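User: I have a model open and want to go through a few spots in it. Can you take my questions one by one?

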Amino acid sequence: MAQTSMQASTREGRLVLRQLDDCDRACWDTLLQDSPTGCFMQSWAWSEFKALEGYQVFRYGVFVEHQAAENQLVGGSIFYFYPRPHTANLLSAPGAPFVLPGFEAIAMPLLLLQAETLAAALGAIALRIEPLLTEKPAFLQGFVRAPMDMLPSETLLIDLRPTDTERLAAMKPKGRYNLRLSQRHGVTTQFTTDSQMIPIFYDLFWETVARQQFFGEPYGFFINLCQTLFAANLAEIGLATWQGEVLSAILVVYWGDRATYLYGGRSPSHAHVMPNYVLHWAAMQRAKAKGCTLYDFYGYTQDPTHPYAKFSQFKRQFGGTRVTTIGAHDFFFYDRLADTLIGLLQRSDVRGER
């Protein structure tokens, strides 16, 4: 798609929106990592992973243009598009948009205008965003709550800044007991970016998927994900081993001040040694050593009927603070929506005649 540029003026100077290129990668990632609302799904490496998965990727940055100095990057969005035939396609931006405070009112219309341009070219009816915000800001007033979230809108965050003793005291008594039990059994842990560990991780992940009966991504998904994030030094596989057998595995993503537990799996064998407790405890210690201040359990609920209920019961044992974000929101491009609906109705009529 052709390079585009849009602009608007503020009292700080002229804002310019343009496509980001490889030279902007470090600046973009640094901007997001320095913010508590910067999401790893807006990282350059994650967009490379999505491209491997068949998505079209569009990276745009908003800059303050200076005459006497280098232009300042103040926000932007990475948009993703996966074309599906005969459906109402969406342009998506998980974890976006991201704009520095004070620039939202001008930057957001630029991003929306660019999204509409993309939607017209791609055949999308709406832009679906999901910023890591706990309250809906005024600059998103044109967006409506989406019927489905792309990211878990509720999570459990563990503050890594206290000492080990303080974090142990903040755990539930049962969680503290199970952790110490796992330590007494001599469960060991390791963290690695060795791609040869991906099959071990995946076997445990898929075993858990089958046991818990939830959706699981295919093996190729994890090959692309791990190899891309490993190369960018953004993720590791954690393994818990007892008497030579790997019993538990997790995939942890590091982004800014946050370490996120993204995927995991556990063998049903030797459940009495509680491998998940010592593995997550070790992951928190490792994240803290890397400079993270939060451990994100990524997906949590207090609803006993929710698919996350069993996992949440385990996560709750570590204490933490429940955080709920605004969830996914859609901005509809009504001209595109009308065209799509007409097309779907016409195809339905043709099928009916047959």
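User: At what angle do H6 and H7 pack?
Analyst: This is a predicted model. In it, helix H6 (residues 198-212) packs against helix H7 (residues 219-231) at about 135°, and the axes are 11 Å apart.

User: What do you call that arrangement of H6 and H7?
Analyst: Oblique. An angle over 145 degrees would count as roughly antiparallel, and the angle here is about 135°. The crossing of H6 and H7 is right-handed.

User: Which residues meet there?
Analyst: From H6, the residues are Ile198, Pro199, Phe201, Tyr202 and Phe205. They meet Tyr219, Phe222, Ile223, Cys226, Gln227 and Phe230 in H7. By class, that contact has ten nonpolar residues, one polar and no charged ones.

User: How do H2 and H7 cross?
Analyst: Helix H2 (residues 44-52) crosses H7 at roughly 150°, and their axes come within 9 Å. H2 and H7 are therefore roughly antiparallel to each other, since the cut-off for that class is over 145 degrees. This crossing is right-handed.

User: And what are the residues in H2 and H7 that meet?
Analyst: On the H2 side they are Ala45, Trp46, Glu48, Phe49 and Leu52. On the H7 side they are Phe221, Asn224, Leu225, Thr228 and Leu229. The contact of H2 with H7 counts seven nonpolar, two polar and one charged residues.

User: Why would residues three or four places apart point the same way?
Analyst: An α-helix has 3.6 residues a turn, so residues at that spacing point the same way.

User: Changing topic. Where is Asp159?
Analyst: Asp159 is in strand S9, which covers residues 154-159. Asp159 has a relative accessible area of 30%, so it is partly exposed.

User: Which residues does Asp159 touch?
Analyst: Leaving out residues up to four places away in sequence, Asp159 touches Arg167, Thr293 and Leu294. Thr293 is 134 residues from Asp159 along the chain, yet their C-alpha atoms are separated by 6.0 Å. The side chain of Asp159 also has a polar contact of 3.0 Å with the side chain of Arg161.

User: What is the phi of Gln243?
Analyst: Gln243 has a positive phi of about 50°, although it is not a glycine. Tyr298 also has a positive phi of about 50° and is not a glycine.

User: Where are they, and is Gln243 buried or exposed?
Analyst: Gln243 is in the loop between strand S11 (235-242) and strand S12 (245-255). Gln243 is exposed, because its relative accessible area is 67% and the cut-off for exposed is over 50%. Tyr298 is in the loop between strand S14 (294-296) and helix H9 (309-316).

User: Tyr298: buried or exposed?
Analyst: Buried, with a relative accessible area of 19%. The limit for buried is under 20%.

User: Which residues of H9 are buried?
Analyst: Ala309, Ser312, Phe314 and Lys315 are the buried residues of H9.

User: What covers them?
Analyst: The cover over the buried residues of H9 includes S9, strand S13 (258-266) and helix H8 (275-289). S9 is the strand in which Asp159 is found.

Note on methods: Residues are numbered from 1 along each chain as its sequence is written. This is a predicted model: local features need pLDDT of at least 70, side-chain atom pairs count only at pLDDT 80 or more; totals for chains, interfaces and linings use all residues. Side-chain values use heavy atoms; hydrogens and water are left out. Helices (H or I, at least four residues) and strands (E, at least two) are DSSP runs, numbered from the N terminus. Buried means under 20% relative accessible area, exposed over 50%, partly exposed in between (1.4 Å probe, protein chains only). Contact means heavy atoms within 4.5 Å. A polar contact is a pair of N or O atoms within 3.5 Å; within protein, one must be able to donate a hydrogen and the other to accept it, and residues adjacent in sequence count only if both atoms are side-chain atoms. Axes are lines fitted to C-alpha atoms, for helices over the stretch in contact, and angles run from 0 to 180 degrees between N-to-C directions. Angles under 35 degrees count as roughly parallel, over 145 as roughly antiparallel, 65 to 115 as roughly perpendicular and the rest as oblique. A crossing is left-handed if the near helix is turned anticlockwise from the far one by less than a right angle, and right-handed if clockwise. Ala, Val, Leu, Ile, Met, Phe, Trp, Tyr, Cys and Pro count as nonpolar, Asp, Glu, Lys and Arg as charged, and the others, Gly among them, as polar.
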